[in-house]
Amino acid sequence: MSAPSKGRLLLVDDDEGLRRALARFLERAGYEVVVATNGRDATRWIADLASVDAIISDLNMPEMGGLELLRAVREHDLDVPVLLMTAGPDIASAIEAIDYGAYKYLPKPVDLDVLQDSVHRAVAVRKMARLKREALSLVGQSSVLAADRAGLEASFDRALRVAWMAYQPIVRAADGSIFGYEALLRADEPTLPNPGAILEAAERLGRMHELGRTVRSITVVPMARAEGATLFVNLHPNDLTDPTLFDRMSPLALMASTVVLEITERAALDDISDLRTRVARLRTMGFRLAVDDLGAGYAGLTTFATLEPEVVKLDMSLVRDVDKNPVKRRVIDKMTALSHELNMLVVAEGVETVAERDVLRAVGCDLLQGYLIARPGRPFPGVVWSV
Ligand code: G
Ligand code: MN
């Protein structure tokens with residue numbers, strides 16, 4: 001009897017020779033391999049995806065290619081990792097593949113070491129997703145992250161319908177006067193209880209652009225009332241690939257000179273094609289840019305370096321207890337000085353106490369935002385918020 005399989009892989013390729021060679025290689029590496037000759041053939045497994053740990057598929061195949069297969073798979077299973085192999089990766093298909101949650105692109109000819117490593121990781125991700133759902137159901141939250149597409153789709157649709165924007169003031173550190181407002185997504189949808197859950201749902205469903213469009217369309221209406229104030233709008237890196245963001249006649253674009261687009265330092269910008277061109281175009285349209293959540297978790301500075309932002313927003317984890325923590329104070333002090341050298345405005349986020357505010361003021365932060373000043377709310381009465 002051989003050792004138990006490391007997992008079941010569905011291998012899809014119309015090239016018989018390659019299919020056999022890869023199957024043999026993966027079987028030797030300890031996996032059970034089932035094969036299909038094209039996307040259509042692979043859909044035999046659709047009803048049984050729970051038993052598949054990862055799919056490795058060619059992109060271009062007769063009858064049904066890899067992207068179409070990916071879409072069909074995602075109708076039924078949001079977790080199973082799909083690795084796409086292609087000889088000529090092009091940007092359009094890569095973007096679509098990412099939108100539909102492809103796990104990885106593998107250039108052909110496939111490097112076997114890379115394949116083995118990617119499959120190993122993919123299967124681990126698959127197992128982690130299963131465990132995460134198990135854990136959620138243990139703590140009685142199984143409904144929060146619907147495992148099936150239909151359920152999540154319904155939650156997401158409801159969230160979009162009831163979405164509204166809360167506005168949190170950003171004030172000048174010097175005198176507390178209003179500089180602007182950050183628009184923050186809210187939706188009273190119990191199965192997606194916070195903006196993070198809505199964002200995760202959008203990612204898993206490949207509906208990021210739809211979410212971004214909704215946010216942008218409902219954001220501007222109330223701001224017409226806030227004369228002279230700057231509007232801070234959060235963008236997900238994925239929004240940068242949405243052509244409607246660059247529409248000069250959109251309501252947001254028409255007020256671009258009073259808008260700062262925030263892009264988080266938490267998510268990687270690496271996958272965005274033509275990033276510099278896109279950023280330059282936003283500037284030509286009159287937008288200013290901010291790096292959001294600076295100092296949070298992630299160590300790199302790609303977003304900062306690439307955007308060369310007009311505004312820097314220090315993450316609240318850095319701000320918290322800055323009055324009690326000399327290391328934090330020194331870091332913020334230096335970040336602020338450096339930002340000023342580069343002509344950037346510094347916003348400290350998540351200010352909760354008077355002691356924090358006093359230190360932030362002392363080290364020269366220009367703008368302050370946080371519960372101490374005001375919670376996000378509906379600041380302009382008389383306006384209809386839900387769209
Ligand atoms: O990632 P971003 O900085 O855009 O997120 C801002 C989030 O932080 C909002 O959801 C907002 O409600 C929350 N927030 C704003 N001010 C404070 C604060 O002072 N303390 C805490 N804990 N959260 C805050
Ligand atoms: Mn923000």
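This is a conversation about reading some local features of a predicted model.

Trainee: What should I know before I start?

Mentor: This is a predicted model, in which local features need pLDDT of at least 70 and side-chain atom pairs count only at pLDDT 80 or more, while totals for chains, interfaces and linings use all residues. Residues are numbered from 1 along each chain as its sequence is written, chains are lettered from A and ligands numbered from 1 in the order in which they are written, and side-chain values use heavy atoms, with hydrogens and water left out.

Trainee: How many aromatic pairs does a search of the whole structure find?

Mentor: Rings of Phe, Tyr and Trp (its six-membered ring) pair if their centres lie within 6.5 Å; planes under 30 degrees apart are stacked, over 60 edge-to-face, and the rest tilted. Here the search finds one pair. F179 and F232 are tilted, with 6.2 Å centre to centre and 55° between the planes. F179 belongs to strand β7 (residues 178-186) and F232 to strand β8 (residues 230-235), so the pair ties together parts 53 residues apart in sequence. Strands (E, at least two residues) and helices (H or I, at least four) are DSSP runs, numbered from the N terminus.

Trainee: Are F179 and F232 buried or exposed?

Mentor: Buried means under 20% relative accessible area, exposed over 50%, and partly exposed in between (1.4 Å probe, protein chains only). F179 and F232 are both buried.

Trainee: Which charged residue sits over the ring of Y371?

Mentor: A charge sits over a ring if NZ of Lys or CZ of Arg is within 6 Å of the ring centre and within 35 degrees of the ring normal. For Y371, that residue is R375, whose charged end is 3.8 Å from the ring centre. Likewise, R281 lies over the face of F246, 4.6 Å from the ring centre.

Trainee: Where is the cis peptide bond?

Mentor: Most peptide bonds are trans. The bond from K108 to P109 is cis, with omega near 0°. P109 lies in the loop between β5 (104-107) and α5 (112-138).

Trainee: And what is phi for D321?

Mentor: Most residues other than glycine have a negative phi. D321 has a positive phi near 65°, and its loop runs between α12 (316-319) and α13 (326-341). With a relative accessible area of 31%, D321 is partly exposed. N343 is not a glycine either, yet its phi is positive, about 60°. N343 is in the loop between α13 and β12 (345-348) and counts as exposed, at 69% relative accessibility.
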